[in-house]
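Visitor: Hi, I'm new to this. Could you walk me through this structure?
Guide: Happy to, let's take a look together.

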Amino acid sequence: MRSFVPFEALWAMPIDLPYSFLVKDGDFAWSCGQLALDSQSQIMAAGDLVAQSEIVCDYIEKILKRADLDPSALRRLLLYYIDQNDGDRDAMLKVFESRFGHAVLLNPIPVPHYYYEGVELEVDAFCHSGLSQFRRVDNNGCQIRIVGEEALWISLEADTANLDEIFARVTEAVGRGFSCLSEHWFVPEGLLVESQPMVDKGAIVSSGPKSDKVRAHFTFHLSTEPVDEEIVTKGDVTIVFRQSGRFAWLQGRSINGGLGLVEQTKAIMKTFEALLPNKGLSFADVVKSTTHYVGGSAEELHSNMQVRNAYYSKPGPASTGLPVFGFGDQNSKVVVDLTFAKTQ
């Protein structure tokens with residue numbers, strides 16, 4: 001059964017959005033990007049990463065309570081932050097570790113800026129109320145952390161830029177019976193052209209000029225049957241699709257550098273719309289949408305969001321949109337990925 005925590009539960013949004021604060025489906029839950037906003041959607045503790053971290057922790061606890069989820073259900077927090085001062089990252093991590101413990105995967109991801117002055121942090125929460133174990137595997141400069149049991153959330157940090165080699169280490173650490181559903185790679189910008197990933201190279205995100213390690217996060221699911229996987233270019237759009245049981249993940253980006261941000265978004269969403277019926281899915285099955293984009297004016301970003309909004313109706317999925325430093329393919333201005341769950 002699927003349930004939703006609406007935006008109105010905590011924030012008075014200035015515009016009507018077809019999204020949810022949190023989507024719960026069976027034992028799983030996904031949140032939208034959590035910001036340090038007050039009830040009237042005004043920025044709190046502007047410019048203070050540590051103070052905003054505490055505020056966001058409060059919001060995460062509140063939405064978990066609204067969804068009848070215990071904090072122990074937290075599996076991963078994606079911490080999209082502006083890396084301005086030495087020590088900020090460690091101070092931010094310390095806040096989240098003190099609030100949620102060491103068995104929750106914390107993935108700090110630097111972003112270049114936010115389009116709301118004073119925002120320093122946005123956080124996505126991923127939950128599962130089933131059994132969970134925490135493991136850490138260190139393998140020749142590659143640190144892998146795994147949380148879960150039947151569903152696994154995996155994070156890594158590595159010194160090497162050989163993504164094929166890294167992915168092989170991840171699958172070895174996971175073991176037999178599990179299949180990769182989703183993967184996101186964040187690579188120092190100087191290594192983007194050297195990377196040789198298992199999946200679409202162009203969708204790799206630059207982690208900016210201060211980063212010195214390859215970082216990634218994955219979801220794996222216990223699978224008794226081969227995963228339905230498709231990596232293909234349709235027109236100007238390259239997609240990656242994976243389906244395991246009732247879950248699926250779809251990622252798309254335009255490879256036509258002559259198109260603007262909004263036009264690329266339109267091409268991606270139209271390609272998704274054509275593909276989904278063939279996979280037995282629809283936009284109503286989307287539980288989480290994440291959009292990474294490069295550049296663009298405030299007007300373009302608003303128009304980009306309107307394009308995506310048109311494919312959903314309330315209560316809708318949890319949704320997050322974030323600026324990033326760049327992609328492996330400089331022709332791409334936006335990458336959209338969707339997580340689907342067929343309702344039990």
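**Salt bridges and a pocket**

Guide: The structure holds 19 salt bridges, a salt bridge being a side-chain nitrogen of Lys or Arg within 4 Å of a carboxyl oxygen of Asp or Glu. This is a predicted model, where local features need pLDDT of at least 70, side-chain atom pairs count only at pLDDT 80 or more, and totals for chains, interfaces and linings use all residues. Residues are numbered from 1 along each chain as its sequence is written, and side-chain values use heavy atoms, with hydrogens and water left out.

Visitor: Which residue forms a salt bridge with Glu-183?
Guide: Arg-242 does, and the closest N and O atoms are 2.6 Å apart. Glu-183 is in strand 10 (residues 178-187) and Arg-242 in strand 14, 59 residues apart, and the pair links distant parts of the chain. Strands (E, at least two residues) and helices (H or I, at least four) are DSSP runs, numbered from the N terminus.

Visitor: Is Glu-183 buried or exposed?
Guide: Glu-183 is buried, with a relative accessible area of 2%. Arg-242 also counts as buried, at 4%. Buried means under 20% relative accessible area, exposed over 50%, and partly exposed in between (1.4 Å probe, protein chains only).

Visitor: And what about Glu-54, which residues are linked with it in a network?
Guide: Glu-54, Asp-58, Glu-61 and Arg-99 are linked by salt bridges. Glu-54 belongs to helix 1 and Arg-99 to helix 2 (residues 88-100), 45 residues apart. Glu-54 is partly exposed at 33%, and Arg-99 is partly exposed at 25%.

Visitor: Changing topic: what volume does the second largest pocket have?
Guide: About 460 Å³. Of the 23 residues that line this pocket, the closest to its centre are Glu-150, His-221, Leu-222, Ser-223 and Phe-247. On a 1 Å grid over the protein atoms alone, a pocket is an open set of points where a 1.4 Å probe fits, with protein on both sides within 12 Å along at least five of seven lines; lining residues have an atom within 4 Å of a point. The volume is the space filled by probe spheres set on the points, which are joined across faces, edges and corners.

Visitor: Which elements give two or more residues to the lining of that pocket?
Guide: Strand 12 (214-222) and strand 14 (237-244). Strand 14 is also where Arg-242 sits.
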